[in-house]
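Trainee: Could you take me slowly through one part of this model, strand by strand, and show me how its pieces are joined?

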Amino acid sequence: MSDVLLRTESIGKEFSGVPVLTDVTIEVIRGEILGIIGENGAGKSTLMKILAGIYTASSGGIVFEGKPAVIGEPHDAKRLGISLIPQEFNLIRELTVYDNVFLGSELSRGSGLLDKREMKRRTRELLAELGMEISPDVTIERLSTAQKQMVEICKAVSVDAKLLIMDEPTTVLTQYEIEILFKLMRRLKSQGTTIIYISHKLKEVKAICDRVMILRDGELVAVEEIDAISVLEMAQRMVGRELSQVFPEKRQPEEEVVFEVRNLTVLGVIEDISLRLRKGEILGLAGLVGAGRTEVAETIMGVRKRSGGEILLHGTPLEIENPKAAVDNGINYLSEDRQGSGILTSFTVVQNTTLVSLGNYCRSLLSLIDRKREREATSRHRDRFNIKAQSLDTRLEYLSGGNQQKVSLAKSIDPAPEVLIADEPTRGVDVSAKQEIYRLIHDLADKGLSCIFISSEQEEIIGMCHRVMVMKEGRAMGTLEGEEINEEAIMYLATGIHEGVV
Ligand SMILES: Nc1ncnc2c1ncn2[C@@H]1O[C@H](COP(=O)(O)OP(=O)(O)OP(=O)(O)O)[C@@H](O)[C@H]1O
Ligand SMILES: [Mg+2]
């Protein structure tokens with residue numbers, strides 16, 4: 001038996017005449033964890049979708065287990081034993097967790113009846129292995145983004161695949177959950193599963209993969225044994241140039257308190273959260289998945305109804321009943337749930353960018369929209385973040401995940417808010433765009449923006465924030481400042497455990 005499980009032969013892919021992949025020949029070796037990295041829009045997801053039968057290649061072929069394989073639709077891939085955890089979730093919101101896990105591969109008993117009990121049992125078992133306490137019976141719409149991610153992982157793992165493809169499975173997970181996922185991956189590998197792993201978190205790639213492949217503008221530029229390449233080299237070969245200092249210098253915020261939250265409570269969700277934001281200050285919210293960080297943001301924005309507490313802007317209490325009221329008061333939210341509440345995928349780049357700021361583009365008297373100014377503003381955001389789209393009128397569903405994220409960020413800063421709550425602002429974004437986002441947030445802070453910065457990447461929290469509030473189970477466990485902000489201190493507050501967690 002050859003040790004090559006899958007080979008692509010000169011795969012090419014075009015979308016309406018625009019080449020996205022050119023001549024990609026790769027070999028995936030049985031039992032390995034193969035990392036694939038590349039900038040946003042490099043073609044990683046497109047290549048994986050071809051292997052999973054979601055897209056068909058424009059040219060080239062696939063050889064699986066030594067035989068030419070025709071993968072014309074997802075069912076073909078499934079039959080071969082190829083399972084994909086997609087970058088954008090593909091779950092049915094109204095169905096339960098276990099329905100989703102076994103959708104299309106339901107278990108049945110001898111009589112032909114569905115074996116619900118067994119499906120629930122297996123779902124519970126897999127979720128427990130991933131450290132998630134979710135009932136198999138809840139509907140997807142009630143889950144957080146991280147929990148949805150875990151359900152996608154269960155779904156792909158439940159079928160005993162020969163080749164498991166994971167397209168950025170960790171963007172919304174914290175280090176703690178990532179370690180649990182890595183354990184699962186190591187177990188699968190030891191049982192003979194081959195894994196392709198895509199991530200922009202290069203340290204993870206270094207930690208878990210055996211080899212790494214680098215795609216740039218749709219072409220394969222390198223294949224390396226993981227021990228032969230450093231994280232910095234990976235980053236540089238991905239972008240094709242030297243990279244500079246990652247985090248900008250932190251400037252002192254001003255004394256003036258702009259925004260304050262006092263004793264914010266949502267029964268059973270968050271309890272007694274108080275925080276103050278000075279002008280130009282970046283306050284981090286850290287904690288494990290489920291700690292309540294996003295819930296704090298959603299409560300401030302009026303998405304969730306608070307059962308107690310006050311929200312004050314410049315010392316004046318605000319009644320925020322819904323997100324629009326928050327935006328009208330100069331408080332904006334960049335949601336971690338990109339496709340859930342961040343952007344509208346059937347709308348264009350321009351429409352999404354000015355979605356909440358459209359009022360600013362009206363010519364005063366006639367309230368006609370000044371389309372030219374709207375396009376100019378969008379085009380500035382595009383240049384700044386290097387948003388890859390065929391045009392400003394391209395619908396967002398045709399952009400890569402990271403590029404959708406950049407539009408989502410542009411949308412949240414376009415109204416020039418006074419307070420920005422950025423929830424996983426760099427989710428799925430490549431190294432160079434990340435740096436640009438860090439610089440942008442610091443530039444805005446220098447001009448007076450106050451920012452609540454939520455991130456599952458500790459490095460980001462440490463590098464970006466003036467102060468960090470750490471949450472656990474809906475409560476604030478402590479706030480760190482200056483030199484106190486380090487990995488151990490955050491981990492200790494987040495878990496209550498000193499070391500040996502990860
Ligand atoms: N259905 C589609 N129609 C048109 N263009 C598409 C379509 N899907 C992807 N593209 C384009 O193909 C290119 C590669 O996208 P792909 O999603 O493969 O990138 P990626 O490497 O996964 O990026 P990211 O890191 O942002 O997820 C992008 O420029 C994207 O706009
Ligand atoms: Mg992608």
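Mentor: Let us begin with strand E6, which is joined by 4 bridges to strand E7 (residues 163-167), the two running parallel (strands, of at least two residues, and helices, H or I of at least four, are DSSP runs numbered from the N terminus, and two strands pair if DSSP finds at least two bridges between them). This is a predicted model, in which local features need pLDDT of at least 70, side-chain atom pairs count only at pLDDT 80 or more, and totals for chains, interfaces and linings use all residues. Residues are numbered from 1 along each chain as its sequence is written, while chains are lettered from A and ligands numbered from 1 in written order.

Elsewhere, 4 strands form an open antiparallel sheet in the order E12-E11-E14-E15. Strand E12 (270-278) and strand E15 (316-317) stand at its edges with a single partner strand each, so one side of each has no neighbour in the sheet. Between them in that order, strand E11 (residues 257-266) is joined to strand E14 (residues 308-313) by 5 bridges in antiparallel fashion, and one pair of bridge partners there is Arg262 with Glu310 of E14.
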